[in-house]
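Thanks for making the time this morning.

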Amino acid sequence: MLNTLQHRIHQHQRLANLRLKLLRLHKLLLETERIAYEQRQGKVSRGELLQLVINHDQFAWLHRLSELIVQIDELLQADEPVTSETMDMLFSDISILLTPSELGDDFASKYDAALQHSPDVVLAHADVMALLASSGF
């Protein structure tokens, strides 16, 4: 019983840590997009930015990362324990998504560009990748 409880606590801690790292990365990516948008369109308020994030094509590529963060939130709040298979699938999905590529899909190419232009994004990426690597990904 203690082993099972310890395992659940460990899984929860890993998910919570991953969530924090992904939130930091998402915030930095959102900030790079906001700056690029404001350079062309002018300054936007927080409310306008929220609407842009939800509805504007320039920010749409970030939705995939947002969805993974929401998935982690749901796992953290679930009553049932998170299975190893679910963790493996989630970590794999994140690892695949966060693979930058100039010639990849919309997310991969924009993520690659963000990594090329922002040292903070590089550091946040490295934090996520280190956590995934410590889990075998």
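Let me begin with a question: which residues in helix 5 and helix 7 meet? Please keep in mind, as we go, that this is a predicted model. On the helix 5 side they are Phe91, Ile94 and Ser95, and these meet Val128, Leu131 and Leu132 in helix 7. By class, that contact divides into 5 nonpolar residues and 1 polar residue, with no charged ones. As for the geometry, helix 5, which covers residues 84–97, packs with helix 7 at an angle of about 140°, their axes being 11 Å apart, and the crossing is left-handed.

Helix 7 (residues 119–134) also has a contact with helix 6 (residues 106–117), where the axes come within 5 Å and cross at roughly 115°, and the two helices are therefore roughly perpendicular to each other. Here helix 6 brings Tyr111, Ala114, Leu115 and His117, while helix 7 brings Pro119, Val121, Val122 and His125; in this contact 6 residues are nonpolar, 2 are polar and none is charged.

The largest pocket has a volume of about 330 Å³, and of the 15 residues that line it, Leu30, Glu31, Arg34, Arg46 and Leu49 are the closest to its centre. Two or more lining residues come from each of helix 1 (2–41) and helix 2 (46–55), and helix 1 gives the most, with 7 residues. The lining of this pocket divides into 6 nonpolar, 3 polar and 6 charged residues, whereas the contact of helix 5 with helix 7 has no charged residues.

Key
Residues are numbered from 1 along each chain as its sequence is written. This is a predicted model: local features need pLDDT of at least 70, side-chain atom pairs count only at pLDDT 80 or more; totals for chains, interfaces and linings use all residues. Side-chain values use heavy atoms; hydrogens and water are left out. On a 1 Å grid over the protein atoms alone, a cavity is a set of points where a 1.4 Å probe fits but cannot get out, and a pocket is an open set with protein on both sides within 12 Å along at least five of seven lines; lining residues have an atom within 4 Å of a point. Grid points are joined across faces, edges and corners, and a volume is the space filled by probe spheres set on the points. Helices (H or I, at least four residues) and strands (E, at least two) are DSSP runs, numbered from the N terminus. Ala, Val, Leu, Ile, Met, Phe, Trp, Tyr, Cys and Pro count as nonpolar, Asp, Glu, Lys and Arg as charged, and the others, Gly among them, as polar. Axes are lines fitted to C-alpha atoms, for helices over the stretch in contact, and angles run from 0 to 180 degrees between N-to-C directions. Angles under 35 degrees count as roughly parallel, over 145 as roughly antiparallel, 65 to 115 as roughly perpendicular and the rest as oblique. Contact means heavy atoms within 4.5 Å. A crossing is left-handed if the near helix is turned anticlockwise from the far one by less than a right angle, and right-handed if clockwise.
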